[in-house]
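Here are my notes on the model, point by point. Please keep the structure open while reading.

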2 protein chains.
Amino acid sequence: MSKRKLTIRDISVATGLSTFTVSRALNGAAGVSEESRRQVEKVARELGYVPNRAAQGLRGAPRDSVAVIIAGTSNAYYLDLMSGIQRTMQQKDVTVVLMDIAVNGVYDADLEDRVIQRLLESRMAGVISTLTLKPESLALLASWDLPIMFVDSSPPREAPHLPSVTTDNYNASLLVGEHLAQHGYKNWLFLVYPERWSTRFDRERGLRDAARQHGAEITVLESENDAAAARATLATYLDRAGPWPDVLIAGNNPLLLGALNLLRSRGTRVPDDLGVVGYDEFAWAPLIEPSLTVLNERSEEIGGLAAETLLEIIEEQSRAVKRGEAGAPEYLPRHQRQVPVDLLVRRSCGCHPPLDRTSDLVASGKASRSTTNHRTKKGPADRV
Amino acid sequence: MSKRKLTIRDISVATGLSTFTVSRALNGAAGVSEESRRQVEKVARELGYVPNRAAQGLRGAPRDSVAVIIAGTSNAYYLDLMSGIQRTMQQKDVTVVLMDIAVNGVYDADLEDRVIQRLLESRMAGVISTLTLKPESLALLASWDLPIMFVDSSPPREAPHLPSVTTDNYNASLLVGEHLAQHGYKNWLFLVYPERWSTRFDRERGLRDAARQHGAEITVLESENDAAAARATLATYLDRAGPWPDVLIAGNNPLLLGALNLLRSRGTRVPDDLGVVGYDEFAWAPLIEPSLTVLNERSEEIGGLAAETLLEIIEEQSRAVKRGEAGAPEYLPRHQRQVPVDLLVRRSCGCHPPLDRTSDLVASGKASRSTTNHRTKKGPADRV
DNA sequence: CACCCCACCCTAAACGTTTAGGAATCGCTT
DNA sequence: AAGCGATTCCTAAACGTTTAGGGTGGGGTG
């Protein structure tokens with residue numbers, strides 16, 4: 001079964017043409033007659049020739065891989081994100097490499113270093129990161145002219161010009177706050193992940209502004225970014241002395257899951273004893289008891305947008321290099337985008353929508369990327 | 001910011017040592033004095049040297065990437081699988097490349113060809129596939145001596161010796177069937193994905209055997225492998241003339257989701273009008289209304305096991321090559337493993353467990369890989 | 001017929017690393 | 001003092017591509 005690896009030279013001798021001609025022919029480049037090209041292609045196919053990517057990469061720089069950095073795979077939200085990224089990348093024939101900088105589910109700084117190193121060694125074309133990286137990492141990437149793109153996480157304070165695609169987290173929070181105020185909630189509890197995931201910043205700011213504006217109290221409770229930690233953190237908090245909150249806002253789905261688990265096991269009734277609102281729509285949300293009021297983040301669209309933007313930056317960069325200019329990637333203001341959100345009102349916040357129409361499968365994710373409506377969607381019987 | 005890319009030669013002139021010495025020093029190989037090694041490492045660090053993986057790969061074959069093939073990212077189950085694979089791989093410093101052979105969420109045969117091609121071009125060390133590949137693909141991989149491993153999918157009929165790690169699907173189905181029989185269900189409906197995902201085979205066989213054994217009728221209803229298709233397929237089926245089923249068994253979670261959506265929108269009561277059972281435990285299952293009775297697949301463990309096995313095969317292969325033997329990977333019987341399952345009994349099947357203890361976060365996934373109990377877990381108040 | 005241009009093709013060098021084969025040095029044994 | 005083995009290092013050749021720079025021949029133009 002096993003056959004010796006064929007090189008371009010084998011095709012060369014088999015056709016009687018030079019390696020130059022073979023190479024041009026296979027790459028569809030100019031300077032080869034139609035006849036030669038056809039012959040080369042025929043022989044290559046018959047012999048089962050497969051080019052060696054390493055050798056190609058050595059000479060020119062057909063850097064055609066992009067790395068996606070995540071920390072922990074517990075959040076199903078990343079699936080949609082990846083789906084959007086993949087969809088775009090595979091059209092352009094770019095390989096996506098998923099790199100996890102979490103060990104046993106929690107972020108690890110040393111691993112971040114090693115992964116960045118890996119990235120450079122394999123001469124990736126660009127990086128998409130779902131969390132804010134260390135300044136050293138960014139400096140390293142910059143010194144290698146490697147374009148980076150933040151997705152669902154904003155660039156760090158030290159480098160606010162870096163490109164990013166996020167949900168419009170600030171307005172999303174205002175939207176949530178407004179809805180909570182309509183319910184008359186006065187004592188909000190925001191259960192949230194660490195600042196390493198920088199969406200935290202805008203989400204918190206929006207909620208705080210909303211609380212101030214509507215005269216509510218808000219407490220921010222930080223937990224590690226997974227369900228088990230969220231459950232433990234919330235348990236400790238609720239056991240303390242102090243006023244019981246009206247409503248719980250979960251910063252993302254792992255935290256929401258942890259919180260709901262705790263509430264369920266303690267027999268706390270939602271929304272009667274405590275209202276609950278979450279940040280990311282997901283497929284099962286309408287089927288939970290009670291059905292969950294959440295923001296409708298358009299993860300797949302965000303992923304796709306990030307991928308497109310990154311590819312654009314990479315292309316512009318390689319064009320500049322070809323013109324003999326400096327190789328640093330050029331980041332423009334339009335490379336920073338925010339995607340609007342709506343609030344999917346279900347029952348966990350205290351509303352009583354009649355039949356949950358939002359559970360229509362067509363509407364959730366895949367299909368419609370049309371409506372950019374920025375207001376709260378209310379069912380006809382949406383009494384507050 | 002931008003600096004010229006450093007080569008090993010730059011380190012060579014900076015230290016006054018030859019490229020040979022530098023290379024050996026950086027790789028920790030023998031034949032270099034401690035003093036030289038230290039100096040090389042120091043200079044390399046100061047100058048910010050990063051080796052070029054492409055060039056390394058060109059000479060020797062430090063093939064240190066493994067591809068994971070999936071089709072569609074809609075099933076959150078893959079997250080756990082990937083998590084298990086990553087955990088193992090990153091310990092051994094192996095890069096995992098995720099390759100999707102679905103376009104817009106559905107399997108695409110042409111894309112499979114292109115992805116396999118890509119795989120060969122980049123000289124991957126091995127492949128883990130979550131679905132049964134085309135015979136041509138397998139032949140191609142074999143002719144390149146590329147080890148393949150099936151995870152959560154069995155090897156195809158043409159090559160039953162290929163290694164795999166799956167849940168014990170046959171016994172899992174028997175377990176389900178036994179439980180359904182205890183409920184007295186006589187008319188089962190099995191909603192299932194296409195045979196391309198080969199777990200279908202054992203799952204169906206187990207259910208059929210169980211039905212025969214307990215004197216029940218079973219209907220197998222095939223749907224494409226996503227929620228929207230499942231919903232549509234089920235709708236059409238239920239609208240036909242004919243007896244209404246007692247109980248619905250969903251072949252995996254996307255199908256379960258589609259089914260539940262349909263039932264909810266039609267007002268069908270679960271489990272009163274129709275019992276429901278699913279195949280993969282997931283984090284939200286205890287919180288759904290009604291809480292879902294599902295099998296407890298240990299996806300992360302399966303992923304980890306598959307990764308370990310593949311690495312073992314790869315290592316054995318490269319040892320054999322070093323000994324001058326043939327390069328074909330050697331597949332042994334012990335490379336085929338089946339992981340046992342238990343049934344998590346909740347309410348959707350018609351049972352009434354008291355408080356859902358299975359919602360403890362520690363138990364679901366991450367932590368305990370201890371119990372290999374193969375029987376049905378029953379709560380004290382588990383009345384049938 | 002001299003000239004130029006173009007299409008097609010070739011030879012040879014380059015990319016950044018590893019490695020085969022050998023040379024130099026040193027200390028030790030005879 | 002010669003011989004030897006071990007240690008440390010070097011030179012040069014490989015790996016499989018792409019590409020710079022040049023060569024050939026044929027057709028059109030003066």
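1. Start with a loop in chain B. N104(B) sits in the loop between β3 (102-103) and β4 (106-107) of chain B. The model is predicted. N104(B) is not a glycine, yet its phi is positive, at about 55°. Most residues other than glycine have a negative phi. Is N104(B) buried or exposed? N104(B) counts as exposed, because its relative accessibility is 53% and exposed means over 50%.

2. R123(A) has a positive phi of about 50° and is not a glycine. It lies in the loop between α6 (109-121) and β5 (126-129) of chain A. R123(A) has 19% relative accessibility and therefore counts as buried. The cut-off for buried is under 20%.

3. Next, the cis peptide bonds. Most peptide bonds are trans. In chain A, E289(A) and P290(A) are joined by a cis bond, with omega about -5°. P290(A) belongs to the loop between β11 and β12 of chain A. In chain B, the bond between E289(B) and P290(B) is cis, with omega about -10°. P290(B) lies in the loop between β11 (275-278) and β12 (293-295) of chain B.

4. β11 (residues 275-278) and β12 (residues 293-295) of chain A run parallel, over two bridges. G278(A) has V294(A) in β12(A) as its bridge partner. Both strands belong to an open sheet of six strands in chain A, ordered β9-β8-β10-β11-β12-β14. Pairing in this sheet is mixed.

5. α10 (residues 227-239) of chain A lies across β8 (187-192), β9 and β10 (247-250) of chain A. Its direction is about 135° to β9(A).

6. Now strand β5 (residues 126-129) of chain B. G126(B) and I128(B) point one way, V127(B) and S129(B) the other, and all are buried. In a regular strand the side chains alternate between the two faces of the sheet. β5(B) runs parallel to β1 (residues 65-70) of chain B, joined by four bridges. One of the pairs is V66(B) with G126(B). β5(B) is also parallel to β6 (residues 148-151) of chain B, through three bridges. There V127(B) has I148(B) as its bridge partner.

7. The core comes next. The largest nonpolar core has 213 residues. Those with the most contacts inside it are M89, W188 and W284 of chain A and M89, W188 and W284 of chain B. What does M89(B) touch, leaving aside its neighbours within four places in sequence? It is in contact with V66(B), V94(B), V96(B), I128(B), A307(B), L310(B) and L311(B).

8. Last, a helix pair in chain B. The axes of α8 (residues 169-183) and α9 (residues 199-214) of chain B come within 7 Å and cross at roughly 35°. The crossing of α8(B) with α9(B) is right-handed. The residues in this contact divide into six nonpolar, six polar and five charged. Among those on α8(B) are Y170(B), L174(B) and E178(B). The α9(B) side includes R203(B), L207(B) and H214(B).

Technical notes:
Residues are numbered from 1 along each chain as its sequence is written. Chains are lettered from A and ligands numbered from 1 in the order in which they are written. This is a predicted model: local features need pLDDT of at least 70, side-chain atom pairs count only at pLDDT 80 or more; totals for chains, interfaces and linings use all residues. Side-chain values use heavy atoms; hydrogens and water are left out. Axes are lines fitted to C-alpha atoms, for helices over the stretch in contact, and angles run from 0 to 180 degrees between N-to-C directions. A crossing is left-handed if the near helix is turned anticlockwise from the far one by less than a right angle, and right-handed if clockwise. Contact means heavy atoms within 4.5 Å. Ala, Val, Leu, Ile, Met, Phe, Trp, Tyr, Cys and Pro count as nonpolar, Asp, Glu, Lys and Arg as charged, and the others, Gly among them, as polar. Two strands pair if DSSP finds at least two bridges between them. A nonpolar core is a set of buried Ala, Val, Leu, Ile, Met, Phe, Trp, Tyr and Cys residues joined through side-chain atoms within 4.5 Å. Buried means under 20% relative accessible area, exposed over 50%, partly exposed in between (1.4 Å probe, protein chains only).
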